[in-house]
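Here is a set of questions and answers on helix packing and salt bridges. Keep the model open while you read.

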Amino acid sequence: MGKSRDLTLDWQRARQDTPGCETVLHFNNAGAALMPQSVLDAVVGHLQLEAQMGGYEAAAQQVEAVERVYDAVATLLGCQRQEVALIENATRAWDMGFYSIPLKKGDRILTGVSEYGSNFIAFLQVARKTGATIEVIPNDEFGQISIPKLRQAIDQRVKLIAITHVATNGGLVNPAVDVGNVAKDAGILYLLDACQSVGQMPIDVNEIGCDMLSATGRKYLRGPRGTGFLYVREEVIEQLEPPFLDMQAAEWLSRDTFKIRADARRFENWETNYAGKIGLGVAVDYALNWGLAAIEHRIRHLANRLRDQLSDIDGVKVQDLGQKKCGIVSFTVAGKEPSEIKQLLSEKKINLSVSAAQGTRLDMDARGLASVLRASVHYYNTEAEVERFSTTLASLV
């Protein structure tokens, strides 16, 4: 038998590395996690370098640190560095992938009930312009995308399967690998929004089978805001022309000719936040040093504990769907508006967020929910914080 993995994680050291743990109980990691000191130092250090010697000069001096980010992300996702584009946020990364697909009248886009609002708006815009159609695959009995229904929907007109891995409004983890198997069998492009999953669980793009994947730095990776990335499988890069180009994405060969880059950096643009990029690379390396399996184990332990405690409070209803659940815990409080509860907890130095219907309208409308409270834990949170959160909430309802 093989040696079992050690999934223990030194959360005390993680808290020592995280200055914000001293001032706030932070259960808003699905919004933006607390940065570790090493990430903060990397970002501020590069900004100081820019102030001392100039932005272009600082970038030239830090080429190795910037290039390191591509290697770090490639290691995180199990891909090659030439398949990685660094983009200013997950939404724009997703957009660059989606809008590069040459859709036309009659083409079909398949998605899920829990698809993120910004993505669905993009579907609607492209459908209106091209005549393509959007078709929503029903949920299974667990509230996740139904794989049998997805298989039944496949025909020659389906040009894209695009789903959100972890829903923004709860703990649902969609079966991304099973979706990938359907896409692979049918030879259909597969775009995965992994904004909420990257950083809180192991992600292997080859296991998942996606052709494109978008993610952010600010959430579970604990990087700075304004950072993200797009993975594009090498075999499909040449099929995808970005919706806009500049001198980073393409080379101007003569007055009337240009050549688009052959690697995933065709989806980037020239001007960028170098301090943020470097901070992102440090954040990814920091997560890799802990180990994503250990991170997931710790997060799921805390989230399950939180769900159990919330379920014991009169008037509180946990709203999470899915056979597999992650570190996001959604709930409602009878007779109380989520925004009111959020404000009351904020006054006690407890952070969480409110997820409104616009973020996942199909799912929320189907369940008759206008908004839910969203508490999202990370590995640097503690059992004592879960207890404090639950006790404080119980005193407010």
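The questions below concern a predicted model.

Q: At what angle do helix α11 and helix α12 pack, and which word describes that arrangement?
A: The two helices span residues 274-290 and 292-311. Their axes lie 6 Å apart, at an angle of about 80°. Angles of 65 to 115 degrees count as roughly perpendicular. So α11 and α12 are roughly perpendicular to each other.

Q: Which residues of α12 make the contact with α11?
A: From α11, the contact uses A287, L288 and W290. By class, the contact has six nonpolar residues, with no polar and no charged ones. The α12 side is made by L292, A294 and I295.

Q: How many salt bridges does the structure hold?
A: A salt bridge here needs a side-chain nitrogen of Lys or Arg within 4 Å of a carboxyl oxygen of Asp or Glu. The structure holds 22.

Q: How many residues apart in sequence are the parts that E67 and R265 tie together?
A: E67 lies in helix α4, residues 63-77. R265 lies in the loop between β10 and α11. The pair therefore ties together parts separated in sequence by 198 residues.

Q: Where does E238, the salt-bridge partner of R266, lie?
A: The side chains of R266 and E238 meet at 3.4 Å, N to O. R266 is buried, at 3% relative accessibility, whereas E238 is exposed, at 56%. R266 lies in the loop between β10 and α11, so the pair ties together parts 28 residues apart in sequence. E238 lies in the loop between α10 and β9.

Q: By about how many helical turns are D365 and R361 separated?
A: Their side chains meet in a salt bridge of 3.7 Å, N to O. D365 is partly exposed at 48% relative accessibility, and R361 is partly exposed at 43%. Both lie in helix α14, four residues apart. The separation is therefore about one helical turn.

Conventions:
Residues are numbered from 1 along each chain as its sequence is written. This is a predicted model: local features need pLDDT of at least 70, side-chain atom pairs count only at pLDDT 80 or more; totals for chains, interfaces and linings use all residues. Side-chain values use heavy atoms; hydrogens and water are left out. Axes are lines fitted to C-alpha atoms, for helices over the stretch in contact, and angles run from 0 to 180 degrees between N-to-C directions. Angles under 35 degrees count as roughly parallel, over 145 as roughly antiparallel, 65 to 115 as roughly perpendicular and the rest as oblique. Contact means heavy atoms within 4.5 Å. Ala, Val, Leu, Ile, Met, Phe, Trp, Tyr, Cys and Pro count as nonpolar, Asp, Glu, Lys and Arg as charged, and the others, Gly among them, as polar. Buried means under 20% relative accessible area, exposed over 50%, partly exposed in between (1.4 Å probe, protein chains only).
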